[in-house]
Structure formats: C-alpha cells, structure tokens
Amino acid sequence: MMGFQYFKNYLKQAILQVRTSWKDALSAGVAAGLAWSVSQRMLGHPHPVFAAMSAMICLAPGFPNHGRQAIYLLIGVATGVLVGEATLLLPPMPTEIRIALVGFMGLLIASGYAIIPAIIVQAGVSAVMVFAMGAEIAGVTRLIDVVIGTGIGLLFSQILFTPNQIKVLGISAERFFHELAENLTTAADALDHRNITMAHRALNSCGRTHTALVALIGNIDIVRDNARWSLRGWISSREVTTLAVRYDRTGIRLYASTLLFCEALLNCLKKQREAAPEWLNDSIRLCAENCRLLSGEIRYRREFIKPDRSIRAEISLTWRDCIKSLELVENTLARFYKSKTRRLRLQSFRRRKIITAVHAEMEMQRKRKINF
C-alpha cells in the first residue's frame, strides 16, 4: 500500500513537472532547428551540431535564467577554444598527458572568472574537443556555431518567449498558501481530536511549507533578475518589484508565525492543563479557508473573512503563546489581502465616486427643470 501511494505521489509530481516544463522544451526544440538552419544555409556549415546543441542548452527546462545560461555558455566555449588553440603549440608529448594538461588548463582559467559550473565545464570540454577533433572542426567553426545558437537562445528567452514574471510569482505564492492551508487544517484536526500525534504531524508539515517558501523566495530572486535583463520583465518591472517585496515579507512572516503556532499547540496538547477556548478551532479553520482563498482554490467566494475577536474572552496563561501566534497569522493574512486588493478597492472607490457625482448632477438638473 505504501509503495502504491509513493508511486501515485511520484506520478503526480512527474505530471506537474511536465506541465511546467513543456513550454521551455518546445521553445528549445524550435530554437535548435532554427539554429541548425541558419548555420547550414547562411554559413555553409554541413553539420552544425554545436549550433543546435547550444540553443537547447540555453533554453532547456530547469535553468532559472535562460539568458544568463546563454552568456555563461558563450564565455565558457570561447575560453576553451582559446586554451585549446594555445595548447596546440606545445611540444609533442603522450596523448594522455596532453589531454590531462588541456583539460586542467581550461578548467583552471575558467574558474578564475567565477565559480560558475556552466563556464568551467564548457571551457574544459571545449579545450579537450579542440585537441581531440582538431581546430578546423572544434575551434573557430564551433565557436561561430555556438554564437549562433546562443544568439537565437537569447532572442527566444529575452524577447520573444520571455515568461510572464507576474504569473511565475503568482504560481509560487499559490503553492505556498496551499501548503499553509494544509498545515493549518492538520493543526485544527489535531485540536479537534486533542491528538498529540496529529499535532506532531502538523509541526512536521511545516517542512513542506518551508520548501514552498524557499521556492517562492528563489523565484522572487529570478523574477527580479529577469525584470532587469529581459524586455517583458523591463516593461512590467514596477509591478514585479512591488509584488516581490510583498510576497517576500509576507511569506517569511507567515511561515515563522505558523511554525510558532504549531509548536505552541503541540506543547499545550502535551500538558493538557486546561481545555482550549471554544472559538480557537473555528479561528484556525478560518485562517485555513483564507489561505485557500489566496491560493485560488476557493471559487465560490471572493471576499476575505476577518476573524471576529469580540467573542474572545480573557486568554489563559496556558494557551497564550498559541493564541498570540495565531493572531499574528491572522494579522499577516489580513494585511496581505489588503495590500493585494488595494488597486481593485481604489478603482471601486473611484467608480462609486463618479457614479455618485453623476447622480447628484442629474438630480440638480431635474430640480432646475421643476423650478422653471
């Protein structure tokens, strides 16, 4: 049974990865074909394998920044070709020693730029290829093909098919709020059944929330970088910067307060000194519902429900840390929803203001007609 569940989860993850990566894979394939055609028809290269490979390396799924990957590839190949050409001037020596020396020189010189694996690996491989395949095949000809491939990769990644940075942030934030909702729901179930094992599970599930937070922060860094170096990102850079700051602060606060809440809840259930307040379980589930609203899972309502704190009596000392942490979660969620919907609320306010002014003007005109 556990094996089937593991396979089911793995299959879901694989499907999710395919849905996420198919656009990058398609653009990489199209760019590879275009690079082959350009190098073969315009430059007369009979088998421009390196042009197609360079385009695919630049645009392959999984790289956080395709534009930076293209630049790294070009720098690494150029360094390797130069090192390989220079080592051809060395005196005769055994092939094994020459390959070791060529690879060592290429890797060492490239590591002097920065510890960037893409540059270092390409430099070492290119240097060895110049010696093994000859300068006519793997030297300047390969460098020209790589320039064509990386140029097409930059054209695709930075101008034509730049991902929507706002959508990337939104997807990461939705996943984070989904994990947060599952975390709070597990905590509410633990409190409802006064089950210490479920409370342990809620505390351990904070690990998945932390993973989603790390992914969100990583995408925030990527989006900020793309906003500076891509055309589409530059156009929406102002909105991207605002969203990045909002998600960064909110995500860290929500994760920290939820972790403190789950830990405090576990301690309270272990001690079992006093019964939990009657309203606590409903408040936890309301936080979970608001998280699902922010994650886009709830479609039947669009309004954020604020907790009613007027029914909350004096907090006992046993449950004080737990409730304070929950209130911090509530405040952070409400503040985030308010900042997220600020533009819509301003538009709605201005619309109501215009409609009110029009109605007032029509009423004044009607009164004037009556008086005359």
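Start by selecting Glu182 and Arg292: they form a salt bridge, with the closest N and O atoms 3.8 Å apart. (A salt bridge here is a side-chain nitrogen of Lys or Arg within 4 Å of a carboxyl oxygen of Asp or Glu.) Glu182 sits in helix α8 and Arg292 in helix α13, so this pair links parts of the chain 110 residues apart. Helices are DSSP runs of H or I, at least four residues long, numbered from the N terminus. Glu182 is partly exposed, at 29% relative accessible area, while Arg292 is buried, at 15%. Buried means under 20% relative accessible area, exposed over 50%, and partly exposed in between, using a 1.4 Å probe and protein chains only.

A word on what you're looking at: this is a predicted model, where local features need pLDDT of at least 70, side-chain atom pairs count only at pLDDT 80 or more, and totals for chains, interfaces and linings use all residues. Residues are numbered from 1 along each chain as its sequence is written, and side-chain values use heavy atoms, with hydrogens and water left out.

Next, pick Asp189 and Arg285. Their salt bridge has its closest N and O atoms 2.7 Å apart. Asp189 belongs to helix α8 and Arg285 to helix α13, so the pair ties together parts 96 residues apart in sequence. Both ends are partly exposed: Asp189 at 22%, Arg285 at 29%.

Now go to Glu179 and Arg208, whose side chains meet in a salt bridge (3.3 Å, N to O). This one runs from helix α8 to helix α10, 29 residues apart. Glu179 is buried at 14%; Arg208 is partly exposed at 47%. The salt bridge count comes to 5.

Time for the greasy part. Which residues touch the most other members of the largest nonpolar core? Select Phe261, Trp319 and Leu333, out of 52 residues in that core. (A nonpolar core is a set of buried Ala, Val, Leu, Ile, Met, Phe, Trp, Tyr and Cys residues joined through side-chain atoms within 4.5 Å.) Colour α12 (237-271) and α14 (320-340), two of the helices that each supply at least two core residues; α12 gives the largest share, 13.

Zoom in on Trp319. Leaving out residues up to four places away in sequence, its contacts (heavy atoms within 4.5 Å) include Leu191, Leu265, Pro277 and Leu280.

Last stop: a separate core of 16 residues, including Ala35, Ala55, Val130 and Ile148.
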